[in-house]
Amino acid sequence: MVQERAFPTFQTAPAQVTRAEGLMLYQDMVLGRFFEDKCAEMYYRGKMFGFVHLYNGQEAVSTGVIRAMRPGEDYVCSTYRDHVHALSCGVPAREVMAELFGKATGCSKGRGGSMHLFSEPHRLLGGFAFIGEGIPVATGAAFQSKYRREVMGDENADQVTAAFFGDGTTNNGQFFECLNMAALWKLPILFVVENNKWAIGMAHDRATSQPEIYKKASVFGMPGYEVDGMDVLAVRGIAQEAVARARAGEGPTLIECLTYRFRGHSLADPDELRSKAEKEAWLARDPIKKFSAYLTEQNLADQPELKAIEKTIQSVVEDAVQFAIDSPEPDPSELYKYIFAED
Amino acid sequence: MAETLFFNALREAIDEEMAKDPTVLVMGEDVGHYGGSYKVTKDLHKKYGDLRLLDTPIAENSFTGMAVGAAMTGLRPIIEGMNMGFLLLAFNQIANNAGMLRYTSGGNFKIPMVIRGPGGVGSRLGAEHSQRLEAYFQAVPGLKIVACSTPRNAKGLLKSAIRDNNPVLFFEHVLLYNLKETLPEGEYYLPLDKAEIVRKGKDVTILTYSRMRYHVLQALKTLEKDEVDPEVIDLISLKPLDFETIGESIRKTHRVIVVEECMRTGGIGAELTASINDRFFDELDAPVLRMSSQDIPTPYNGTLESLTIVQPQQIAEAVRHMVAAKV
Ligand SMILES: Cc1ncc(C[n+]2csc(CCOP(=O)(O)OP(=O)(O)O)c2C)c(N)n1
Ligand SMILES: [Mg+2]
C-alpha cells in the first residue's frame, strides 16, 4: 500500500472572529450537518431518489469559504456534493429539501435533483454531476467579473467566484486548463479542493502522482495553500485572504482543504474500502465539535447557547421536510418548460 | 453595390453586434491577433481589444465551459471552433451545460451563446478535419442548430444567433468562405427557425443544407432540358426543423429527396425521414430518398473523397428517376 500522507502542521493564520461571526459560522455548519443527516433518513424512507452525496465531515470547508464571501453577490460553483454549499450560499433549506423531493418548489423546480442544485438569486451556478465540468463554468463567471470591470467600466463588478471540487477531480484536464487560464488572465476565482482522500473507491494516492495538490498552483504562477479542512477558522483565514486578493484584481488562488467525508461516497455506497482506523482518526477531528470547543474556550459562547442554536436548526430542517412533503409535484403539462429561454 | 465575401459577411455580423452591445464577445483559438482561421474576426481585436476578442489557449472543453459560465452571468459569448471538429473535445460542455443546464436548473439561468465555425467536408483535409458535427449534436436538447449557406443568410442568421437567448450551434462550411454576394443595405436579421425556399417547384421536394445546396443547384442545371420542376429547400435550421415549410412543400409535391453532407447513419436526413413519415405519411407518393455521405471516415485521396459525398450527377439521376416514376 502507498504511504499515507502525513497530516502537516499548517503555516496559515486562522481567522479571528467576533462572537456574532462565531455563532454565524457555527450555525451554518450545524445546518449543513443536520440537513444531511435528515437527507439520509429521508432517502432510506424513500422520499428522495437517485444518487445522493452527503457532505458530513466537510462542513468547515463550505462554511469557511462561502461565509467569507459576499452572499448573493459572489458566485459559487459546486459539484454533485452540493447541498451544503447551497445552504451556505443562503438557498433556503426548504428549497433545497423540496428539490431533493423532486417538488415544483425546489430550487431547480424539480428538474435538477440532488446533483443539480441551482439558484440564480443566490449566485449558485450549480450543481454539476460530471467531474470537473463546473470548473470552466466558474472560470467563465470569474472572467465575466473582470470583463464587466475592464470592458464595460463597471466599477462595482468586483465579484469573486469560488469553485469547489474533490481530490479525484484534480486529475481531470479541465482543472489544469482552468488553472492556466485563470492565472493567465488574473481572474477573481478561488479553486477550492476538498481533498477527502477518496474518489469513490479510489484512494487519492493511488490516482495521483503528486498527491500534494496545492503544489500544482506553483507551476501556473499561482499561490497555493494547504489548509486544515476540519478547522473552520483556518479555512476562513485563507479564504478571506484569497477573496481579498481576487477582489483587488490580483488573481486566483488554489486552496487544498484536507478533509474527510464521514459517510460513504453516496447513500448507495457500501463504503467497504476505507479502514476503521482511518475513519475513527478523522471522526475525532469533527469540525463542528472542534469549533464548539473553540467558541466556549474563547468565551465567545457557552454550551446552552450552542444547544439553543442546534435546536433552532433542527426545527429549520424539520420545517424544510414538512415544506417538501406539502409541496406540489411539478405540473406534468410543464414537462417542456425551461428547455428554451422563452419557456 | 460591391459584393461581399462570405467570411466578411460573418465578420460584419459580429462587428455590428459587438458595436451595439458591449456584452457580446468572441472567444477561441486565434480569434484575436490572428483574425480567425478563416479571417472571420480579422482586425476586430484592434477595434474591440483583447478581452472582447479573447485568444484562448487550446483547451476546447474549458473555454466552451467558460463561455457557458459567462453566458449564465450575463455576457453573450460567441465561441469559434477553429474547425468545428475540434469541438468534439467540448462535447461535454456543449451537451451537458450549454444544452441542458437551463432545463436542469429549472429556469434559473439562460445561456445566450453562439458556437460557430467551419464545418463540413473540405478539400482533402482528411477525416478529422472533415466532420459534420451537426449530426452528432442534433440529439442534444436545448440547442438550436443552424447551417448558413450564402453570404446573405450567413450575416442575417449570425446576427439573430447572437441576439438569441439560447445556445446556438452555428455551422459555416469550409468551402463556402469565398462565395460573394451583394448584401442588402443596412442591418438585417433572418429568423433562425425558417427554412429558405431556394427554388419553387412542384414535382419533388429536395431538402438540403449548407454546401449541398450548391450540389443540388448544379444538378438542376443539367436537368433543365428534362422539364422537371423540383422545389429546393435549404433547411437552414437543423434543429428545430421547419416542418411548416417542409410540410407545405410536401403537400404540393408528394415526393422528397434529402441531400445532405453528413453520414447516413444517425444523420440529419435520418431524423428528417422519420419525422416526415410521422407527420406527412399520407401525403407521400414514394418513400423519402436519403442521399448522404458514405458511412466512412472521409478519405484523403481526392477520388475517394469525392466518392464519399453526394455528387451533382447522382442528384440529377435521382431526381429524374423519382419524377419519372410519378404516376
Ligand atoms: C466525468 C465523470 N466521470 C465519472 C464520474 C463518477 N464519479 C462520481 S464522483 C467520482 C469521484 C470523485 O471524487 P472527488 O473528486 O475526490 O470528489 P468527492 O466525491 O470525494 O467529493 C466519480 C468517479 C462522474 N460523476 N463524472
Ligand atoms: Mg474525494
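1. Donors here are N, O and S atoms within 2.8 Å of the metal (3.2 Å for Na, K and Ca); water is not among the atoms, so sites may look incomplete. In this predicted model, local features need pLDDT of at least 70 and side-chain atom pairs count only at pLDDT 80 or more, while totals for chains, interfaces and linings use all residues. Residues are numbered from 1 along each chain as its sequence is written, chains are lettered from A and ligands numbered from 1 in the order in which they are written, and side-chain values use heavy atoms, with hydrogens and water left out.

2. The metal site. Asp167(A) (OD), Asn196(A) (OD1) and Trp198(A) (O) coordinate the magnesium ion (ligand 2), at 2.0 to 2.2 Å. Along the chain, the donors follow the spacing D-x28-N-x1-W. Asp167(A) and Asn196(A) link distant parts of the chain, 29 residues apart. Asp167(A) sits in the loop between strand S2 (161-166) and helix H6 (173-184) of chain A. Asn196(A) sits in the loop between strand S3 (189-195) and strand S4 (198-199) of chain A. Helices (H or I, at least four residues) and strands (E, at least two) are DSSP runs, numbered from the N terminus.

3. Buried means under 20% relative accessible area, exposed over 50%, partly exposed in between (1.4 Å probe, protein chains only). Asp167(A) counts as buried because its relative accessibility is 2%. Asn196(A) is at 5%, so it counts as buried.

4. Ligand 1. It is surrounded by 14 residues, taking a residue as near if one of its heavy atoms lies within 4 Å. The closest are Tyr80(A), Arg81(A), Gly168(A), Thr169(A) and Trp198(A). Polar contacts are pairs of N or O atoms within 3.5 Å; within protein, one must be able to donate a hydrogen and the other to accept it, and residues adjacent in sequence count only if both atoms are side-chain atoms. A side-chain N or O atom of Tyr80(A) is 2.7 Å from an oxygen atom of ligand 1. For a polar side-chain atom of Asp167(A), the distance to an oxygen atom of ligand 1 is 3.0 Å. For Asn196(A), it is 2.9 Å. The protein buries 72% of the 580 Å² that ligand 1 exposes when taken alone. Asp167(A) and Asn196(A) also coordinate the magnesium ion (ligand 2).

5. Helix H2 (residues 59-66) of chain A. 8 of its 8 residues are buried, so the helix is largely enclosed by the rest of the structure. Among them are Glu59(A), Ser62(A) and Thr63(A).

6. Cis peptides. One joins Gly126(A) and Gly127(A), with omega about 25°. Gly127(A) is in the loop between helix H4 (93-100) and helix H5 (134-150) of chain A. Another runs from Lys239(B) to Pro240(B), with omega near -5°. Pro240(B) is in the loop between strand S12 (237-239) and helix H9 (243-253) of chain B.

7. Positive phi. Ile200(A) is a residue other than glycine with phi near 50°. Its place is the loop between S4 and strand S5 (202-203) of chain A. Ser210(B), also a residue other than glycine, has phi near 55°. Ser210(B) lies in the loop between strand S10 (205-208) and helix H8 (212-223) of chain B. Its relative accessible area is 8%, so Ser210(B) is buried.

8. Glu181(B). This residue lies in strand S8 (residues 180-181) of chain B. At 24% relative accessible area, Glu181(B) is partly exposed.

Note on methods: Accessible areas come from the Shrake-Rupley method with a 1.4 Å probe; for residues, only the protein chains shown count as cover.
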